Amino acid sequence: MALIFSRKIPLSYALGVFVPSAIHKTALIEDHGGEFFPKRVFERFRALSVFYGQYQLVAPQHFSTSSVSQPGRICWRGASNVVLLRKLEIALREHQVDEAWVTFIDFKKLYGFPTGSMVNRLISRFSYSSDHHWLQKACDLVFLILKEKPGLLQFPVLTKLSISLARAQMPVPASMILRVMLERENMPPLTILWSVVSHMVKTEIGACLASNFLVQMCDCYLHLSAKGSVRAKVVKPDAMIFNLVLDACVKFKSSLKGQEIVELMSKVGVIADAHSVIVFSQIHEMNGQRDEIKKLKDQIDKVCAPFIGYYCQLYDSLLKLHFKFDDIDSATQLLLDMHKSQESVPNKKLRMDQEKRLLVPIGSNNLKTGLKIQVMPELFQMDSILRVKHKQELVMFRSGKLLLSNRALAKLVNGYRRHGRNTDLSKLLLCMQQDFNVLDQSRFCSDVISACIHLGWLEMAHDILDDMDAAGAPVGSTLHMALLTAYYSREMFKEAKALLRQMRKAGFVVDLSDEMVATSCLSGTANNASSLSNKSDLIDFLVREMREEEKAIPSMVYELNSSIYYFCKAKMMEDAFKTYQRMKHVNIQPTVQTFSYLIDGFSSLGMYRDITILWGDIKRNMGAMDLEVSRDLYEVLHMNFLRGGYFERAMEVIGYMKERNMYCDKWMYKDEFLRLHKNLYRSLKASETRTEAQSKRLEYVKAFRKWVGID
């Protein structure tokens, strides 16, 4: 029978065979091969046993650890922590991660954790692996150490592990390691954090976690700053981190989270650079916040003429919103402003003044308590890992100039046509032809008339021709002949006769009778139509625009949402809710932004009960298939239900997210719960509840604690 000695107090043995390191540890006398220690060694153990009176011969038993498990038996000669440590060191030095892991397991079963340096070397070795298996092992080991012996971990090892996990596209464990560091009020150098975040935001889940982590960073910084702690600057994010996350919000259409981060950037006091301004405009575009982009444009117009091409995306976003608001006048004015800004020479003194910093308000300019974000529109990060990617849908930058695309022109033409403002369209086309001095833009007039003829908008085409002739800018005989042909083909003889009279006056038709002209036009109808349609893709864009118009959100929605946004920022919730009720009364469908603004407003005043009422409206709209709720909105609802203590509603939101396969950031929810409700019903049993309501609430609290892993 193999023998095992069990001891109760620390003891050092001679001969270097076995050196116990902790109380209640066990030492094997027999190895796997069945050979006993030499007799003299055994006798020495017996002598020591008698001397101290604290050792007993016991039957061998299996070793186990509740923290780390590994199948198989312990198999090595000379059971010594020194031998195992040596074996672990050799395995790490020779990059044998499998052997290192097995040896570590054996050691921990007998002695607990090795020395801090050895543990950190093991985690570092796993961090160098590209295998997800070993990276996950490293992460699990970190949390095991944090649970049992947190003093062993070294900060640089956590930094190395976080970047390795991020590079391997393992955003969940990467975010966990970052959050561990943040809880200890310490963060990697910003250049390393850039790299970690840039890898995380490549996927939608990673972007979600990176944005939530950035929110937590900002909250930590604001908390430490309020206390006057010197640690505040260590956890303060910079503009690059914000830009990386905001870019991801745009990429994955997480507009509500993007809006939250823009406001946090203001609260933290980070200066927005040129790239930030571009991303702000895209976030505001997604949320329909036209006034916010206009405030940015006003500042850029003052100082950025030499960099106008860089801000192409901002003009594009603003123009899109003008069309969504069905504001043709503002769209036209923006087009003219774009042209003027390129022709103007910036004031050097003004530019020097603006190089200091600009303060751009968020919300109304009249709000005394409103946020203001610091912006330096001429600040470019030369070593930036980000690159601006312009979609160039409505506004293009070509040959050093901002130009209108055919898609934008189609929106303008359709807008003027819908409002019956043909004369105003003619004035704009005339201005573009005479003043813009760009070849592509000067052909817009001919393209528009051709498209109108092709689509059967003959009266509109005729009006533009008349306006051009009256302004002394005739467009030539080809378009007149195309319009005349269209009149004859549709048997609009009265209109054809009037046009023919104009053409004779202009000298386009000579020595031909009306009948001969009509015969000539009808015989060449097919050729004329073909030649017109081949000149421009404007026709295709106009057709597409009319189709999309039928599915578009009514412009009134954007107007009402803007009012609700202003009222909520001003904490005028009664007016905001009245506007929302007005939307329902006139059968205008609320959007995700509508509910988001209202929730944000109620939350700022601690009116969580009102948010539960909104949740009822949201569910009704979802049930009627009138609203598709985003992950951002679910997250906002869930966080507010946690803060208000509405756990049944919180679990209900989680159910909806699970049904739609949306990622839930349990760490963030767990943190919020522990911050506000750490001891809620902790020792209360179901049998001890006083009312049915309390019993039901206890049930949901326990369900939440179990879901996030508190219990």
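Does Asn 422 count as buried or exposed, and at what relative accessibility?

1. In this predicted model, Asn 422 counts as buried, at a relative accessibility of 15%, a value to be read against the cut-off of under 20% for buried residues. Asn 422 is found in helix α18, which spans residues 422–435. Leaving aside residues up to four places away in sequence, Asn 422 touches Arg 417, Met 460, Asp 463 and Asp 467.

2. On the chain as a whole, the model has 34 helices and seven strands, and of its 711 residues 51% count as buried. Among the contacts in the chain with a separation of 6 or more, 69% are accounted for by residues 24 or more positions apart.

3. Helix α28 (residues 573–585) packs against helix α29 (residues 592–604) at an angle of about 155 degrees, and the axes of the two helices are 10 Å apart. That angle makes α28 roughly antiparallel to α29, because angles over 145 degrees count as roughly antiparallel. The crossing of α28 and α29 is left-handed.

4. The residues that make this contact are, from α28, Met 573, Ala 576, Phe 577, Tyr 580 and Met 583, and, from α29, Thr 594, Phe 595, Leu 598, Gly 601 and Phe 602. Sorted by class, the contact of α28 with α29 has eight nonpolar and two polar residues, and no charged residues.

5. Turning to charged pairs, side chains of opposite charge can pair when their charged atoms come close. The structure holds 33 salt bridges, including one in which the side chains of Asp 316 and Lys 320 meet, with an N to O distance of 3.1 Å. Both Asp 316 and Lys 320 lie in helix α14 (residues 312–324), where they are four residues apart, or about one turn of the helix. Asp 316 is buried, its relative accessible area being 0%, and Lys 320 also counts as buried, at 11% relative accessibility.

6. Asp 424 and Arg 421 form another of the salt bridges, in which the closest N and O atoms are 2.8 Å apart. What accessibility do these two residues have, Asp 424 and Arg 421? Asp 424 counts as partly exposed at 29% relative accessibility, and Arg 421 counts as partly exposed at 25%.

7. A further salt bridge is formed by Arg 631 with Glu 635, whose closest N and O atoms are 2.9 Å apart. Arg 631 and Glu 635 are four residues apart in helix α31 (residues 631–644), and they are therefore separated by about one helical turn. Arg 631 and Glu 635 are both buried. They also belong to a network of salt bridges, in which Arg 631 and Glu 635 are linked with Lys 257, Glu 260 and Asp 632.

How values were computed:
Residues numbered from 1 in each chain as written. Predicted model: local features only at pLDDT ≥ 70, side-chain atom pairs only at ≥ 80, totals over all residues. Heavy atoms only, no water. Axes fitted to C-alpha atoms, helices over the stretch in contact; angles between N-to-C directions. Parallel < 35°, antiparallel > 145°, perpendicular 65-115°, else oblique. Left-handed = near helix turned anticlockwise from the far one by under 90°. Contact = heavy atoms within 4.5 Å. Nonpolar A, V, L, I, M, F, W, Y, C, P; charged D, E, K, R; others polar. Salt bridge = Lys/Arg side-chain N within 4 Å of Asp/Glu carboxyl O. Buried < 20%, exposed > 50% of the residue type's maximum accessible area, 1.4 Å probe, protein only.
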